[in-house]
Amino acid sequence: MQPTIVRTNTAELYDAYVMKNYPRAALTLTRGAGVSVWDDTGREYLDFTSGIAVCALGHCHPVWVEAIRQQAGQLNHVSNVFRNPLQGELARRLVQQAGPGRVFMANSGAEANEGLLKLARLHGIRKSGEEGKCYKVICAKMAFHGRTFGGMSATLQEKIQKGFRPLLSGFAFGELNDLASFAELVDDQTAAIFVETVQGEGGIKPCTDEFLWGLRQLCDRHNLLLMLDEVQCGIGRTGDFFAFQHSGVRADAIGMAKGLGGGFPIGAFWAAEKHADLFTPGSHGSTFGGGPLGCAAALAVLDTLEREGLIAKVRANGAVWKAQLEKLVTEFPQHVKAVTGRGYMLGLVLQSEPPPYLAALREEGLLVPAAGGNTLRLLPPLIATPEHLNRATEILRTVLRKKA
Ligand SMILES: Cc1ncc(COP(=O)(O)O)c(C=O)c1O
C-alpha cells in the first residue's frame with residue numbers, strides 16, 4: 001500500500017505546526033530525479049543545492065533506492081549492542097580512504113563533530129595525565145561546526161551562538177589561513193586544532209595547502225590532534241574523496257556526514273589508529289548510528305562514486321566550470337567579485353547580499369543556497385554533467401544580465 005501524503009495545504013500546515021526556525025523559501029518540493037526537482041505545481045528546477053551538499057548521487061539514484069529498498073526488507077534496525085553485516089564494511093571503506101584507524105557512526109554532521117570534540121578531551125587527558133587540565137580546542141573564525149552545544153561553542157558566529165550562552169568553555173579562535181594567529185593561541189591546555197578544510201557556511205573558503213601543512217607541524221610540535229571537519233566538503237565534493245587529500249596533509253581525526261548517506265541521515269568520524277583507542281566501551285554511543293539502513297545507503301553512495309568514476313569527473317568538470325564562472329566576474333563586475341572553491345563546491349562571491357539573486361535564480365529554474373560573505377554556493381550533485389553545469393552558468397548569466 002502506498003503511504004498517504006497530503007499535498008494540498010503544505011504551506012498552511014507549516015504555518016500552523018512547524019517551528020519557525022528557518023527563513024524558508026515559498027517553495028514546496030515534491031519530487032526529484034537526477035539533478036532535477038519538481039515543485040507542487042509541476043515546475044522543474046535544476047537543483048544545485050543538493051540538500052546542502054547531501055545528495056551526492058542526485059535525487060533517487062536507482063542504485064541508492066534499490067539498496068535502501070532491499071535493506072528495508074531484510075533488516076531495518078538493530079542496536080549497536082549487536083553487530084550488523086554492513087557497519088564493519090562501511091568502516092573498512094572509510095578507513096581505506098582516510099588511512100589506518102577506526103570509525104564511529106553517528107547520524108549527522110553535528111554528532112560527528114561532537115565525537116571529535118570528545119576525542120579531543122580524551123586526548124587531553126592522555127597528554128596531561130589528568131581530567132580538566134588540557135581540553136582547549138582552537139578553531140577558525142567564521143567556521144560552522146553544527147548546532148549542538150559543542151558545535152555552537154566551536155562556531156564563533158553571533159547568529160549561531162546568540163541566545164544559547166553560556167556555551168562550553170575551552171574554545172579559542174584564529175583567523176583562517178593565518179598560521180601565526182593559531183600558533184599564538186597554543187598553550188599547555190590545548191588538546192586539538194579543529195578546522196573545516198573548506199569553510200562552507202562561512203562562504204566557500206578553502207584552507208590553503210600551506211596553512212594545512214603549518215597546522216600539521218604545529219600539532220606535531222605540541223602533541224595536538226589535527227581534526228578536520230569534512231562534513232560539507234568531504235565525500236568527493238571537491239574532486240578528492242576528502243578535501244584535505246588535495247594538500248597531502250595527514251589528519252588525526254575527520255568528521256563527515258552529508259554526502260556520505262546521499263540523503264539518508266548518517267554521520268561518522270574517523271580517528272587515526274594511534275588515537276582510536278581513546279574511546280573505550282561505554283565512553284560514547286548512538287542508538288541509530290551505524291544502523292543497517294544508513295550503512296546500506298552510504299555503501300551505495302561509495303560504490304556508485306567508484307563505479308562511475310564520479311570523483312575524477314568532479315575534479316575535471318569542476319575545473320572547467322570554475323573557469324567559465326570566472327568569466328562572470330569580468331562580464332558583471334558590478335555583481336560578482338570572485339569565484340572560490342574547487343570541484344562541485346564553488347562560491348560566487350557577490351558585491352551585495354544574496355537574497356534577491358536567489359529569488360531571481362529560482363524564477364529562472366535554478367536552486368542554490370547562500371552562504372556567509374555574500375556568497376552564492378554552487379553545490380550540484382556529483383552526478384552533474386558538463387551540460388548541467390553549462391545550463392546553470394547560463395541561468396546565472398541571464399539573471400546577472402537582467403540585473404545589470
Ligand atoms: C562543515 C559543517 N559541519 C557541521 C555541520 C552540521 O551538520 P548537521 O546539520 O548534519 O548536523 C554542517 C552543516 O551544514 C557543516 O557544513
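Biologist: What share of the 404 residues of the protein chain counts as buried?

Modeller: This is a predicted model, in which local features need pLDDT of at least 70 and side-chain atom pairs count only at pLDDT 80 or more, while totals for chains, interfaces and linings use all residues. Residues are numbered from 1 along each chain as its sequence is written, and side-chain values use heavy atoms, with hydrogens and water left out. Buried means under 20% relative accessible area, exposed over 50% and partly exposed in between, with a 1.4 Å probe and protein chains only. Of the 404 residues of the protein chain, the buried share is 53%.

Biologist: Which radius of gyration does the protein chain have, and why does it agree with a compact globule?

Modeller: The radius is taken over C-alpha atoms, and the globule rule is 2.2 Å times the number of residues to the power 0.38. For 404 residues a compact globule would have a value near 22 Å, so the chain agrees with it at 21 Å.

Biologist: Where is Glu130 placed, and is Glu130 buried or partly exposed?

Modeller: Helices (H or I, at least four residues) and strands (E, at least two) are DSSP runs numbered from the N terminus, and Glu130 lies in the loop between α5 (109-128) and β5 (136-140). Because its relative accessibility is 44%, Glu130 counts as partly exposed.

Biologist: Which residues does Glu130 contact, leaving aside neighbours within four places in sequence?

Modeller: Contact means heavy atoms within 4.5 Å. With those sequence neighbours left aside, the partners of Glu130 are Gly124 and Ile125.

Biologist: How many helices and strands does the protein chain have?

Modeller: Its secondary structure comes to 14 helices and 17 strands.
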